Structures are given as structure tokens and as C-alpha cells.
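Please read the following note alongside the sequence and the model.

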Amino acid sequence: EKNITDLDFSVKKNIFNLAEYKNKKPENLTACLLDRPRHKHIIDELIKLKVKIKLITDGDISGALMVTNGKYNVDIFMGIGGSPEGVLAASALDAFDCNFQGRFIFESNEDKKRAKKMGIENLEKKYDLDEIVTGDTIFCATGITSGDLVSGIEIINDEFISETLITHKSSGLRQLIKTKNKI
């Protein structure tokens, strides 16, 4: 739902808004974040609010997608990740009608110059999901190693078994497909 959470809101305001929307107490929410030093201030605030925290070591796309299914028990994904990963997560979340916002973070003047060369005028702009991906979206992710979202490749007897998450916005497809291939 739009306008419940926002990049420009404090962690506390986002958590309180989400708790109210979901009719839960903040301590009954779970936030997922990449376990990185850059997220220390967010983690500290979540601890103060008694929000449950799921720290992941990698896989920010799958972390973001955990909000789409109650079985993962994740209410919000927060933090700073890479731009390509943000676009991929947004394309998958689009099929689930989720809220997503992103903003570029530039670490140097060289990064800013490069962005301007690519046509990015407003370096502070906050992008909503419908500005990140437009039109119809298709997303596919096949697990190589096992994670929370999909299982990794298994070899059983003479078969490779893989799991792929596929989403397609216009058809409403949101499916986990298990495939077996002979060696």
C-alpha cells in the first residue's frame, strides 16, 4: 500500500505506520536487512522499537521478496543495496502489487558525473516502483545455491533438479516451478 512507508520517513514512523496498517504491534513486525555496517543505525532503531530482525548475509533481491509471502514472516525489507538489485526486486515486487522506493546514493563526484551523463538530472530523486519499472513485468530467479526463496540445484541419481520463481504482472503469474533435467 502506497504512502504507508516512505524513504523520507524515519525508521520509527515507517514501523508505526506499518504496524497500524497491519493491525499489529511493532514488536510483532519483522524487518529484514542485509547484515552490513551501513545498516547499524537502522538496526539500532529497530531494536529500540522491539521489532524482530531477520539479518541476511547476501541476497537482497530474495530478502525484498520475502515480504510477498506470509510463510517468510517478513513485514518490511529495509536498507541500502545495489541499483541493479533494486531494479530486479522492483520488477518482481510489481507482480505482487507491493510498495517499493529507491534512491541513488553517490559515493563520489565521479559517480555523480557518470549519473548526469546517463541523463539523471535530479540526484536526490526518490523513485517509486512504477517509475523504476513501467509496463508489463516478467521476473525469473533460479536457485543455484539454496536460500530462503528458492532451493539450489540438487543432483539426484541422473537428474538435476532446480527451482525457479517466475512472476508476470499482466497474467498474475506468481509461481515456484521445480524442474528435473536428465544429466
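**Note on the predicted model**

1. I153 lies in the loop between β6 (138–142) and β7 (154–156); strands (E, at least two residues) and helices (H or I, at least four) are DSSP runs, numbered from the N terminus. The model is predicted: local features need pLDDT of at least 70, side-chain atom pairs count only at pLDDT 80 or more, and totals for chains, interfaces and linings use all residues. Residues are numbered from 1 along each chain as its sequence is written, and side-chain values use heavy atoms, with hydrogens and water left out.

2. The protein chain has six helices and nine strands. Of its 183 residues, 36% are buried.

3. The largest nonpolar core has 20 residues, and L65, M66, L93, F100, L129, F139 and L165 touch the most other members. Such a core is a set of buried Ala, Val, Leu, Ile, Met, Phe, Trp, Tyr and Cys residues joined through side-chain atoms within 4.5 Å. At least two residues of this core come from each of β1 (30–34), α3 (60–65) and α4 (83–94), and α4 gives the largest share, four residues. In soluble globular proteins, nonpolar side chains tend to be buried together.

4. Which residues does L65 contact, leaving aside its neighbours within four places in sequence? They are A89, A92, L93, F139, L149 and L165, where contact means heavy atoms within 4.5 Å.

5. The whole structure holds 12 salt bridges, each a side-chain nitrogen of Lys or Arg within 4 Å of a carboxyl oxygen of Asp or Glu. One of them joins D8 and R103, whose closest N and O atoms are 2.9 Å apart. D8 is in the segment before α1 (11–22) and R103 in strand β4 (residues 101–103), so that distant parts of the chain, 95 residues apart, are linked. D8 is exposed, at 52% relative accessible area, whereas R103 is partly exposed, at 31%.

6. K24 and D75 form another salt bridge, with 3.1 Å between the closest N and O atoms. K24 lies in the loop between α1 and β1 and D75 in the loop between α3 and β3 (76–77), so the pair ties together parts 51 residues apart in sequence. K24 counts as partly exposed at 33% relative accessibility, but D75 counts as buried at 10%.

Conventions: Buried means under 20% relative accessible area, exposed over 50%, partly exposed in between (1.4 Å probe, protein chains only).
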